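Please look over the sequence and the three-dimensional structure shown below before reading on. The briefing that follows goes through sheets, helices and single residues by topic.

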Amino acid sequence: MTAVAAPAPPATPRSAAARLRPADMARLAAVGLRTRKLRAGLSALGIAIGVAAITAVLGLSASSQAGLLAEIARLGTNLLTVQNGQTLTGGTAELPVTAPGMIARLPGVTQVQDTGTVNNVNAFRSPLIPTGDTNALAVLGAAAAQRLGIDKIFPGERIWVGSMWFYLTGILKPAVLAPEIDSSVLVGYPAAQKYLRFNGHPTTIYLRAATAAVTRVDNLLAAQANPGNPGEVSVSQPSAALTAQVEAKGAFDTLFLGLGAVALLVGAVGVANIMIISVLERRSEIGLRRALGATKNHIRAQFLAEAILLALAGGAAGVAAGSAATAVYAHAKGWATVIPPVAWAGGLGAAIVVGAAAGLLPALRAARMSPTRALWAL
């Protein structure tokens with residue numbers, strides 16, 4: 001009888017045997033973290049704090065900018081102010097009494113209003129001051145009313161200004177584009193000249209111009225207000241000043257982003273620490289997997305995936321916490337909540353990079369571990 005050898009099974013290509021699917025890799029990484037929940041949670045906390053700081057800083061900055069720009073858009077960017085500047089000797093110049101009327105004649109100017117300052121006159125609200133009769137009327141700015149403890153005008157409500165009583169007729173809303181009005185007590189020119197020795201010269205002139213004519217009017221205001229000495233006139237656009245304040249806040253954003261980066265660095269140290277300890281504790285697992293055919297690349301990829309997954313979980317928690325903090329603060333301020341893509345995407349991206357950097361050394365160490373020596377831990 002002749003023996004016939006059975007055909008050998010086809011050899012499995014080495015590349016196919018060494019392949020590890022991403023789904024399997026993710027499952028292995030998740031198992032490694034689930035077995036050490038408390039330690040993993042504490043390590044992810046550092047990453048979460050750093051990412052939350054980054055998300056909140058960028059979110060609050062974007063929300064405050066959006067709120068301020070919306071307020072500027074609502075109030076208009078066509079408000080211009082004219083104020084008395086300085087003389088050649090450094091003193092305070094005076095605007096001519098005719099300046100408001102001259103400015104009103106400029107083409108493109110739609111509204112003009114002016115105020116003057118009375119020096120050495122204070123306003124009080126005290127029952128100890130003797131009463132007196134007067135027909136003078138006053139309007140309070142928002143901040144002035146708050147300082148005087150007045151939130152509502154009752155019939156006959158009055159305050160002591162200078163040396164006499166003035167009856168109140170109203171309280172102005174906060175003036176975003178003219179904050180100096182908020183702390184003022186506004187009295188009509190005739191009463192101010194009669195009772196408070198006002199000299200009649202305006203100190204600030206507010207005007208609205210057609211939006212298309214703002215630049216042209218701005219260029220002509222100084223000469224129109226004081227033809228004899230245009231250099232002694234100061235012209236400004238309040239909306240431009242507020243926009244500059246928004247840009248100035250970027251310096252503080254950089255500071256807080258730096259603090260967030262420090263927190264991320266601390267989190268990275270925590271991730272690296274837990275991964276090194278994990279490699280030492282799981283030597284038997286590493287040896288068993290190598291004995292069953294796992295390659296160095298498999299071991300390296302497994303521990304690197306665990307570090308990245310750990311950091312990514314912390315990053316996701318940080319994005320959620322930072323977004324929630326932004327939403328709460330923006331709601332309290334009356335702003336629209338804005339979380340720019342760079343905030344959440346940058347936070348998650350930073351977490352992934354930090355996790356990969358922190359897990360690289362432990363992953364390399366695990367991959368270099370000898371299978372024989374690792375199996376001695378069984």
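Predicted model: local features only at pLDDT ≥ 70, side-chain atom pairs only at ≥ 80, totals over all residues.

**A helix across a sheet**

Residues are numbered from 1 along each chain as its sequence is written, and side-chain values use heavy atoms, with hydrogens and water left out.

**The protein as a whole**

- The protein has 13 helices and 9 strands.
- Of the 378 residues in the protein, 37% are buried, where buried means under 20% relative accessible area, exposed means over 50%, and partly exposed lies in between (1.4 Å probe, protein chains only).
- Among the contacts in the protein with a separation of 6 or more, 82% come from residues 24 or more positions apart, a contact being heavy atoms within 4.5 Å.

**The two sheets**

- Strands of a sheet pair through backbone hydrogen bonds, either parallel or antiparallel.
- Strand β2 is joined by 6 bridges to strand β8 (residues 204-209), and the two run antiparallel; T115 stands opposite T204 in β8.
- Another open sheet is formed by 5 strands in the order β3-β5-β6-β4-β7, and its pairing is mixed.
- Its edge strands are β3 (123-124) and β7 (185-187), each pairing on one side only.
- Strand β3 pairs with strand β5 (residues 158-161) in the antiparallel sense over 2 bridges, and the bridge partner of F124 in β5 is W160.

**A pair of packed helices**

- Helix α11 (residues 296-333) packs against helix α12 (residues 341-367) at an angle of about 150°, with their axes 7 Å apart.
- That angle makes α11 roughly antiparallel to α12, since angles under 35 degrees count as roughly parallel, over 145 as roughly antiparallel, 65 to 115 as roughly perpendicular and the rest as oblique.
- The contact is made by residues including F303, L304 and V319 of α11 and W344, L348 and L360 of α12.
- By class, this contact of α11 with α12 has 19 nonpolar, 3 polar and 2 charged residues, where Ala, Val, Leu, Ile, Met, Phe, Trp, Tyr, Cys and Pro count as nonpolar, Asp, Glu, Lys and Arg as charged, and the others, Gly among them, as polar.

**Two single residues**

- V319 has its place in helix α11 and is buried, with a relative accessible area of 12%.
- Leaving aside its neighbours within four places in sequence, V319 is in contact with V51, T55, W344 and L348.
- The C-alpha atoms of V319 and A56 are separated by 8.2 Å, although these residues are 263 residues apart along the chain.
- R197 is found in the loop between α6 (189-195) and β8, and R197 counts as exposed at 73% relative accessibility.
- Most residues other than glycine have a negative phi.
- The phi of R197 is near 60°, a positive value in a residue other than glycine.

Technical notes: Pairing = 2+ DSSP bridges. Helix = DSSP H or I, 4+ residues; strand = E, 2+ residues; numbered from the N terminus. Axes fitted to C-alpha atoms, helices over the stretch in contact; angles between N-to-C directions.
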